[in-house]
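Below is a briefing on one modelled complex, arranged by topic. Please read it next to the sequence and the coordinates.

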Amino acid sequence: MPKDMGIGASSKRREDVRFLTGKGRYTDDINVAGQAHVVFCRSDVAHGRIEGIDTSAAEGMPGVIRVFTGADFEGVGSIPCGWQVTDKHGEPMQEPAHPVLAQGKVRHVGDPYAAVVAETKAQARDAAEAVEASITELPAVINMKDALAEGATKVHDDLRDNLCYDWGFVEENKDAVAKAFDEAAHVTSLELVNNRLVANPMEPRVAVGDYASHDDSSTLYTTSQNPHVIRLLMGAFVLGIPEHKLRVVAPDVGGGFGTKIFHYAEEAFCTFAAKQLEMPVKWTSTRGEAFMSDAHGRDHVTKIELALDAENNFTALRTETYANMGAYLSTFAPSVPTWLHGTLMAGNYKTPLVYVNVKAVFTNTVPVDAYRGAGRPEATFQLERVVDKAARELGVDPVALRRQNFVTEFPYQTPVAVEYDTGDYNGTMDVLEKMIDRDGFAARRKESEARGKLRGLGINSYIEACGIAPSNLVGQLGARAGLYESATVRVNATGGLVVMTGSHSHGQGHETSFAQVVADMIGIPEDQVEIVHGDTARVPMGMGTYGSRSLAVGGSAMVRATEKIIAKAKKIAAHLMEADEGDVELKDGKFSVAGTDKDVAWGDVTLAAYVPHNYPLEDIEPGLEETAFYDPNNFTYPAGAYACEVEVDPETGKVDVVAFAAADDFGNVVNPMIVEGQVHGGLAQGIGQALLENCAYDEDGQLLSASYMDYAMPRAFDFPMFQVDSQSSQTPCTHNPLGVKGCGEAGAIGSPPSVVNAVVDALQSGGFTDVYHIDMPLTPDRVWGAMNGSATGQGAAQPAANADDTTQARSVGDGTTATH
Amino acid sequence: MYDFQLVKPSSVAEAIEALGAEDAQALGGGQTLLPTMKARLAQTDTLVSLAHVEEMKGVCTDDAGRLCVGGGTTHAAAAEALKSDYPALSSLAARIGDPAVRARGTMGGSVANDDPSACWPAGVLGSGATVVAAGKSGTREIGADDFFQGMFTTALEEGEIITEIRFPVPEKAAYEKMIQPASRFPLVAAYVAKFADGVRVAITGASSDGVFRWTEAETALSQDFSAEAVKGLAAPDAGGMISDLHGSAEYRAHLCKVMTARAVKAAG
């Protein structure tokens, strides 16, 4: 029987009531009395020298309060980067300044160089058009290969070149890996692109800055996944406001997907201008601005090689990746292609030797940072593509090849630093094979062929590192923050609880699932537990939500705090029942003494804590409120197996996903319905990346996919009903109290290779035996091109690693890319 | 959006009068013009909404048996009204955009705008329809072959509006489209119509000159109305085809063939 409450129950999402009835309170719903509006003037060239900005006409326009330019921010801090990567020579990465408003140069289309504050938004917009900027266009570097060429135009004149870092991991393994390749019986190699994406949360970014002169304090309302992190980054590094004078509020947030982790210039601007002008200042991004100012995701170009011995055991893996950083370093940008990517290159396999090289490159494009999965989708895609190609080259079953090489004994120390605590990769593969009726595929393929379609089946495994992260470890790796989480549990006199969590929900349903955990621990109804998040004035501390960490880290902090509550409540109960504390049990909201008929209700104990007339005041304090900080001692390692079945129209190249199945191991599951929803969402984004989404620039750095007319978002229409199962093969995490691993990113990590594997399988079955790879997104044009041996119509191109004349691999551009 | 005056005439005569004003612009269903104005990429002093001109709405049949669709008829209304008398054209209208677009967008607005990827121009040119335009100097009829003059360019004079389009009903017809996945406009679509005196094939989405007749296919299909007849043809010259993020010129040229053959097959 499914449970109807507590851990394991599919409780309905309580927050959906307000979201679905239009009562959500988003940042744009916040209007502070007397607020002014800001409109940013953004560069329409990818790279240019600012010769001068004439604001006089704009300043004279109706309603205009003040026009700001980069000059107003001299002496103000730079937008900081939160992670410093050390390169393979032991040197720190090159780290450019990132002014709030551009100073000297504009470096990407959308880079703000002026800001007009006016009484109304319309007035600010009118006046912004009257700001006259004299900008001399400079040659732009868009293509990563061009950016690294000798004598290339520099994005930042004060840096040595456009190379942020050249990272080797594990550098000491490099020679041993080379030797293994020399000795390999078979080597499979593949060059591929992980296409640049725009996150496109439904709610665009918004910031409202407010300043209170009576106590010299600032408040920022913002669309953020981590308000405390913004408070620290903006307060300490940009504006010099101490935490006790700065409040950051992130109320209901309409989707983040990573792009709302980062500290953005617009947030600093509104907070700064509110103080300067002593009036609230509000900015609401337009959808067009979102395309050119929200941090983008992915954009890797990789060459991967897999070495196998004569028995098809993986003996070594070697990769070379170019990772686009864009024009500035966004908050966590340097960590994505390194520590969130290189550490996952062992995948689900016991490959003994791995060497990962990553060159991070500055270009005149929007900064690139974490997007759902962040580094792990890039790792999974290349690994699961090369394994699939190896199986095809060797003429062996792709599932059997994977099973043969799976890690089966845990804990398992990988050659890329991380140690998997637990897992069962054969287990999820077994579940998957049952879900998809693999034996029936041949008949389904025949049926498709009878209708003139090619049918393909793509299967792959994935693993991710979630529950980010042990602070001492990430500190060694260059993180400039701790990655613990905190929770405060406040029990009220009449027994209800408020949990103040540093995790932030922007669609994940924490208000429901977190309440289930606490209610289950005490044995009271879920509606007795209120979850508070998203406000630095209400929640003591928090590191926020990303990297599928909320339940594993934030939930663990909440469990620890609740355990402290229960321990203290037992002391009170023992006093009330005149029993020994060690004999007191808590069950179903009632304390009892083992072996007696004595009991006392939860509410009587909580009342005693606040009305301590009959209370052990000499031993414990009144009140019932506890805080815990939880710092994980390892990552968690969700893993699973995915399968995609496609039909390809050989006349048009159009791919239809006809079935998709996901077998996941997230460890224990608190709310199966929410988990299912998270997997569905992740799959939509992963399949969207594989088939539809493409953020493209032309050679001059103009953003080609700058609206929904050209950036293809997936719709329900594009998908079959997904089959998902995260219940049948579970290995609970061994090192956190709930045994949970995290589920938010899995779908986006595991699904892109399934789709591409399936399309290649379909094409191979149709006789296109020289098509081993097509770069994402697999648009009809590209698939048709691959079938017709052409690689036509390349637009702006980013090079493959080791690019040469025959390599068409690139991360952006139009036309067809196929590796033959 | 910049400030503008909104005028709401209730007759064609009033609309023509209003469009005589300096920098006046006709507004159909607003599915292209309004987003463009919101993005400040278009501006006008006077916006003349045709939404209240009842005489420009609906479908009727004239003495020659042609179906006359009012310029102000929405895609959804046209789809419904044409269902039994001209199912191919009804199907074209029923598959434009999404329900919201079809409820607001009008046939006349789409044809007058002449987006190179719009659906209606293919139906109008493929049917060999006659466009009725009203302006200051009266009402005139323009044959479809003369009406479309290139991307976003038509034979309409300044201040003229499409009051009606008269569609001769073919023996057989069908419209097949491959959508551009972002905008869901046609990437390439073919409208094939078989009349007693020959076959017309109109292609939209493909050419940088906008909708065009694929005459080689028309000749071949007039002799042998079969998908095989199309498969034997060379694809149209890719030279003038649109090449962008969503499809190369060669791919679009190829799709002209595929969509035409499928339309022939669908027409039966």
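Helix α14 (residues 510–522) of chain A has 13 residues, which should span 18 Å at 1.5 Å a residue, and its end C-alpha atoms are 18 Å apart, in agreement with that. The expected span is 1.5 Å times one less than the number of residues in the helix. Helices (H or I, at least four residues) and strands (E, at least two) are DSSP runs, numbered from the N terminus. This is a predicted model, in which local features need pLDDT of at least 70 and side-chain atom pairs count only at pLDDT 80 or more, while totals for chains, interfaces and linings use all residues. Residues are numbered from 1 along each chain as its sequence is written, and chains are lettered from A and ligands numbered from 1 in the order in which they are written.

**Helix α14 of chain A**

- Of the 13 residues of α14(A), 12 are buried, so this helix is largely enclosed by the rest of the structure.
- A residue is buried if 20 or more other C-beta atoms lie within 10 Å of its own, exposed if 12 or fewer, and partly exposed in between, with C-beta atoms placed from the backbone.
- The buried residues of α14(A) include A:His510, A:Glu511, A:Phe514, A:Gln516 and A:Val518.
- A:Gly523 follows α14(A) and has a positive phi, near 85°.

**Helix α6 of chain A**

- Helix α6 (residues 227–239) of chain A spans only 16 Å between its end C-alpha atoms, whereas a straight helix of 13 residues would span 18 Å at 1.5 Å a residue.
- α6(A) is mostly covered, with 11 of its 13 residues buried.
- Among these buried residues are A:Pro227, A:His228, A:Arg231 and A:Leu239.
- The buried residues of α6(A) pack against β10 (217–222), β11 (246–249) and α7 (265–277) of chain A.
- A:Gly240 comes after α6(A), and its phi is positive, near 65°.

**Cis peptide bonds in chain A**

- The bond from A:Phe169 to A:Val170 is cis, with omega near -5°.
- A:Val170 lies in the loop between β7 (163–169) and α5 (174–182) of chain A.
- A cis peptide bond also runs from A:Met776 to A:Pro777, with omega near -5°.
- A:Pro777 sits in the loop between β29 (773–774) and α19 (780–787) of chain A.

**Positive phi outside glycine**

- A:Glu278 is not a glycine, yet its phi is positive at about 50°.
- The loop between α7 and β12 (281–284) of chain A holds A:Glu278, and this residue is exposed, with 10 other C-beta atoms within 10 Å.
- A:Asp299 is not a glycine either and has a positive phi of about 65°.
- A:Asp299 belongs to the loop between α8 (287–293) and β13 (300–308) of chain A and counts as buried, with 29 C-beta neighbours inside 10 Å.

- A:Thr363 is in the loop between β15 (353–362) and α9 (376–394) of chain A.
- A:Thr363 is buried, with 30 other C-beta atoms within 10 Å.
- Leaving out residues up to four places away in sequence, A:Thr363 touches residues including A:Val141, A:Met144, A:Asn324 and A:Gly326.
- Two residues are in contact if their C-beta atoms, placed from the backbone, lie within 7 Å.
- A:Thr363 and A:Arg107 are 256 residues apart in sequence and 8.3 Å apart in space, C-alpha to C-alpha.

**Nonpolar core**

- The largest nonpolar core has 332 residues, and those touching the most other members are A:Val38, A:Val116, A:Val518, A:Val755, A:Val759, B:Val192 and B:Ile203.
- Helix α15 (residues 550–577) of chain A gives the largest share of this core, 12 residues.
- Such a core is a set of buried Ala, Val, Leu, Ile, Met, Phe, Trp, Tyr and Cys residues joined through C-beta atoms within 7 Å.

**Chain B and the complex**

- Chain B has 11 helices and 12 strands.
- Of the 268 residues in chain B, 51% are buried.
- The mean pLDDT (the predictor's confidence in each residue, from 0 to 100) of chain B is 97, and 100% of its residues reach 70 or more.
- The contact between the chains takes 23 residues from chain A and 15 residues from chain B.
- For the complex, the predictor gives an ipTM of 0.96 and a pTM of 0.95.
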